[in-house]
Amino acid sequence: MGQRFPQIIVRNVQRKIRVNVATLQKFAVKAVQNCLQLQKEKQTDLRKLGEISVLLISDRRICQLHRQFLGQTGPTDVLTFRHGEIFISVETAKRHARAFANPLVRELQLYIVHGLLHLHGFDDQTSAGARKMKRMQEKILSHVLSC
């Protein structure tokens with residue numbers, strides 16, 4: 001029997017910034033497959049999820065989630081929830097893309113991979129964990145984008 005992949009769905013639910021959802025959807029499918037090739041961390045494994053939802057939202061909405069679930073104010077780039085939800089602020093992504101001289105689509109792809117790694121058990125709460133996660137992000141991004 002072949003390897004089971006969770007279904008991943010990218011939805012744009014914000015209206016401020018135009019986003020090519022089809023391009024992100026194709027990228028996300030390949031990114032999930034690449035994440036599954038990594039050794040899983042702790043007890044978390046993407047294979048346990050039937051579906052992963054990537055929701056592209058506004059700063060206003062991510063601020064609400066950030067305050068409600070983490071007790072922090074202000075926008076953030078990406079929030080990941082263990083049942084397979086990845087929320088990405090497109091407005092924050094656009095600001096970061098400008099600051100780092102990246103295209104918006106590249107910034108959104110980075111956030112998708114970041115969320116997938118969290119769902120696969122990676123953690124960036126320590127400096128060692130953050131370094132490992134950054135290495136994995138770059139590895140997956142370069143592999144998926146070279147296909």
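Select helix α2, strand β3 (78-81) and helix α4 first: each supplies at least two residues of the lining of the largest pocket. Helices (H or I, at least four residues) and strands (E, at least two) are DSSP runs numbered from the N terminus. The model is predicted, so local features need pLDDT of at least 70 and side-chain atom pairs count only at pLDDT 80 or more, while totals for chains, interfaces and linings use all residues. Residues are numbered from 1 along each chain as its sequence is written, and side-chain values use heavy atoms, with hydrogens and water left out.

**Largest pocket**

Stay with this pocket and show its space, about 460 Å³. A pocket is an open set of points on a 1 Å grid over the protein atoms alone, where a 1.4 Å probe fits, with protein on both sides within 12 Å along at least five of seven lines; lining residues have an atom within 4 Å of a point. Grid points are joined across faces, edges and corners, and the volume is the space filled by probe spheres set on the points.

Next select L79, T80, F81, H118 and Q125, which are the closest to the centre among the 18 lining residues. Strand β3 gives the most to this lining, with four residues. Colour the lining by type: seven residues are nonpolar, seven polar and four charged. Here Ala, Val, Leu, Ile, Met, Phe, Trp, Tyr, Cys and Pro count as nonpolar, Asp, Glu, Lys and Arg as charged, and the others, Gly among them, as polar.

**Second largest pocket**

Move to D77, E107, L110, Y111 and Q137, which lie nearest the centre of the second largest pocket, lined by 13 residues. The space here is about 220 Å³. Helices α4 and α5 each supply at least two lining residues, and the largest share, five residues, comes from α4. By type, the lining holds four nonpolar, four polar and five charged residues.

**Sheet**

Select the four strands, which form an open sheet in the order β1-β2-β4-β3 with mixed pairing. Two strands pair if DSSP finds at least two bridges between them. At the edges are β1 and β3, each pairing on one side only. Neighbouring strands of the sheet are turned by 15° against each other on average, direction ignored; axes are lines fitted to C-alpha atoms, and angles run from 0 to 180 degrees between N-to-C directions.

Within it, pick L55, whose bridge partner in β4 is F87.

**Salt bridges**

There are three salt bridges to visit, each a side-chain nitrogen of Lys or Arg within 4 Å of a carboxyl oxygen of Asp or Glu.

- Select K16 and E91, whose closest N and O atoms are 3.6 Å apart. K16 is in the loop between β1 (7-12) and α1 (21-36), and E91 is in helix α3 (residues 90-99), 75 residues apart. K16 is exposed at 62% relative accessibility, whereas E91 is buried at 15%. Buried means under 20% relative accessible area, exposed over 50%, and partly exposed in between (1.4 Å probe, protein chains only).
- Select R95 and D59, with 2.8 Å from N to O. R95 lies in α3 and D59 in α2 (residues 59-70), so the pair ties together parts 36 residues apart in sequence. R95 is partly exposed at 37%; D59 is buried at 11%.
- Finish at R106 and E138, with 3.5 Å from N to O. R106 lies in α4 (residues 104-119) and E138 in α5 (residues 127-146), so this pair ties together parts 32 residues apart in sequence. E138 is partly exposed, at 36% relative accessibility.
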